[in-house]
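The following report describes how secondary-structure elements are arranged within and between two chains. Please read it alongside the sequence and the model.

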Amino acid sequence: MTRVVLVDDHLLVRSGVRAEIGDAVEVVGEAGDVDEAVHVIIDTKPDVVLLDVHLPGGGGVEVIRDVHAQLPGVRFLALSVSDAAEDVIGVVRAGARGYVTKTIDGAALIDAIRRVSDGDAVFGPRLAGFVLDAFAGGTADAVADDELDQLTPREREVLRLIARGYTYREAAQELVLSDRTIETHVSSVLRKLQLSNRRELARWAAGRRLL
Amino acid sequence: MSDPAPPTATPPSQRPPLERKRDGRLVAGVARGIADHLGVNVTLVRVIFAVLAANGVGGLAYIALWLLVPGEDGSVPLRRPRDFVRGILGRRPGDEPHRRRKLIMYVAIGAVTGSILNATGVGFGSHSLLPLSVAGVGALLIWWRSPESQRAQWTQDAKRYSTKLAPRGPLLVMLGGVGLVIIGVASFLAANDALRQARDGALAIGAVLVGVALVMGPWLFRMLRDLNVERRARIREQERAEVAAHVHDSVLQTLALLQSQAADPDAVRRLARRQERELRDWLYPVANPNGSSTFAAALRAAAADVEDAHSITVDVIVVGDAPLDDTLTATVAAAREGMVNAAKSSGAPTVSVYAEVAKDGVEVFVRDRGKGFDPDQVPDDRRGIRESIVGRMTRHGGKADIRSGPTGTEVALSLPRQART
């Protein structure tokens with residue numbers, strides 16, 4: 001069973017999430033602030049951490065940084081109510097492998113946790129929209145020659161379907177591709193999102209001083 | 001000051017009392033006592049005395065302090081005139097090492113300063129001795145009579161000035177040099193023409209002003225800083241009040257409504273959703289330089305209307321944006337029909353809207369996961385789809401594509417950019 005740690009400063013949210021996913025995954029720890037989270041994660045070495053973006057003591061970004069300094073293998077899935085691009089992009093660029101909103105239903109959340117635990121990326125419509133926005137404008141940038149700074153047409157297509165509300169499977173059917181290929185494209189986009197220096201990403205990151 | 005931390009007054013007990021020291025004296029331990037009391041280097045105090053002694057003020061002040069400042073047990077007293085000579089010539093245990101040599105050096109400093117002043121014609125002549133002494137004694141009295149905490153604050157301020165001048169040593173020497181040159185030149189001019197008579201008066205006034213500045217400066221500075229702190233606190237308070245007002249007007253009201261309508265799940269969902277939307281708009285305002293007349297803002301507003309009217313959740317994601325024009329308004333209207341249609345007939349709880357404004361055109365997708373329908377079998381009385389969506393897009397040079405099946409419906413609107421210009 002996938003071992004999960006819940007990090008959120010609201011007890012109510014934690015118990016709600018645990019009630020929804022508790023049957024399908026093993027919740028091995030919970031934490032309410034940055035220091036506690038780092039401790040619990042280092043102690044329990046979970047497969048996946050469900051991480052709130054806004055946390056007392058520095059935010060989810062700090063947790064990812066501190067944990068990855070010691071345990072680079074721990075995978076993070078951001079779970080937040082924030083729609084702000086700097087929050088979403090910020091936590092993903094810090095190392096989270098996906099971003100879902102707290103309104104997600106239990107089954108979808110369990111699916112997202114499994115996918116993150118398998119090493120794939122989880123892009124919801126909102127994150128896909130932000131990424132398309134950030135990578136819009138094609139080669140207008142001077143630095144855009146870099147492969148990291150552009151999406152391939154295929155990646156763009158996949159992201160657009162996700163932004164339209166398609167699941168990975170539906171997107172695969174639509175594009176007549178295998179599920180696995182969709183995963184590969186999304187993971188590739190995640191890598192670009194984390195490593196690219198495109199101006200829009202830098203701007204969002206600067207909004208939270210993440211550069 | 002950019003330092004937001006409240007100034008922490010040093011507890012009075014931490015500052016050693018002003019008393020003449022027994023150990024490490026040169027003459028009577030006055031300079032050492034002052035140095036300990038203020039927490040400054042004793043050499044600095046001695047040099048100041050020596051320089052001031054050039055015209056007598058330093059000497060007078062020293063003797064006055066010798067008389068007035070209580071001495072530590074065993075320090076050199078000044079009760080009879082011969083104590084003065086004994087204090088200077090006598091040798092006592094605990095004296096500053098190389099005491100005589102240093103004494104001679106300070107006398108030399110005073111003498112050199114005095115002769116320089118004389119040679120340049122500056123000399124704080126006998127006429128200016130009085131005002132200078134008065135100013136000095138005044139400053140001294142103010143210092144002496146001030147509450148301990150105030151003194152601590154003054155020295156703290158003074159130290160802050162000096163740390164700001166770091167590396168202060170060379171800089172201060174240079175500034176002092178510049179000051180001396182200016183005074184010298186001015187006095188030279190004054191001494192050699194009709195301004196001569198005004199010289200002493202000017203010096204006295206200058207000395208008084210300097211004294212006042214020294215005494216009042218830190219106090220004024222501190223008052224300004226207090227004002228600043230107060231203003232900042234007031235701004236914070238205003239911001240807090242604004243947030244509180246907003247939370248009260250919106251969130252608390254909605255929570256009250258939710259409690260009263262708990263029996264009606266539809267109403268609860270609608271209220272919660274509307275409150276969420278409003279709070280989001282307030283917390284994360286969408287950057288929008290041209291007022292609300294952009295495509296993205298119009299599409300979001302349409303979605304909000306549909307949410308309110310049909311108790312359904314509409315997730316809107318917009319990539320890019322453009323100023324609203326006729327064709328874009330028509331596109332928003334068509335998208336709105338799509339949302340209404342999904343809300344009314346799909347049975348799905350949420351509708352996803354995705355819009356992309358690109359260089360070559362605008363695309364909008366309205367998708368639900370409801371039960372779907374057959375676009376060809378829509379009865380004529382439901383003109384919504386045919387007229388409001390397909391017809392509208394066609395009239396404006398775009399097109400609408402409706403796909404529906406058992407897994408839901410998707411309305412795809414597209415509008416080439418050329419058609420808009």
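How closely do the axes of helix 8 of chain A and helix 9 of chain A come, and at what angle do they cross? The axes of helix 8 (residues 168–175) and helix 9 (residues 179–195) of chain A come within 8 Å and cross at roughly 110°.

This is a predicted model, in which local features need pLDDT of at least 70 and side-chain atom pairs count only at pLDDT 80 or more, while totals for chains, interfaces and linings use all residues. Residues are numbered from 1 along each chain as its sequence is written, chains are lettered from A and ligands numbered from 1 in the order in which they are written, and side-chain values use heavy atoms, with hydrogens and water left out.

**Helix pairs**

Helices (H or I, at least four residues) and strands (E, at least two) are DSSP runs numbered from the N terminus; axes are lines fitted to C-alpha atoms, for helices over the stretch in contact, and angles run from 0 to 180 degrees between N-to-C directions. Helix 8 and helix 9 of chain A are therefore roughly perpendicular to each other, a class that covers 65 to 115 degrees, whereas angles under 35 count as roughly parallel, over 145 as roughly antiparallel and the rest as oblique.

| Helix pair | Axes come within | Crossing angle |
|---|---|---|
| Helix 8 and helix 9 of chain A | 8 Å | roughly 110° |
| Helix 10 and helix 11 of chain B | 9 Å | roughly 160° |

The angle in chain B makes helix 10 of chain B roughly antiparallel to helix 11 of chain B. Their contact (heavy atoms within 4.5 Å) is made by Arg270(B), Arg273(B), Arg274(B) and Arg277(B) of helix 10 and by Ala304(B), Glu307(B) and Asp308(B) of helix 11.

**The sheet of chain B**

An open sheet of 5 strands in chain B has the order 1-2-3-5-4, with mixed pairing, where two strands pair if DSSP finds at least two bridges between them. Its edge strands, each pairing on one side only, are strand 1 (313–319) and strand 4 (399–405) of chain B. Strand 1 of chain B pairs with strand 2 (residues 350–357) of chain B in the parallel sense over 7 bridges, and Asp315(B) stands opposite Ser352(B) in strand 2. From chain A, helix 6 (residues 125–134) packs on the sheet, touching strand 1 and strand 2 of chain B.

**The interface**

The contact between the chains takes 17 residues from chain B and 20 residues from chain A.
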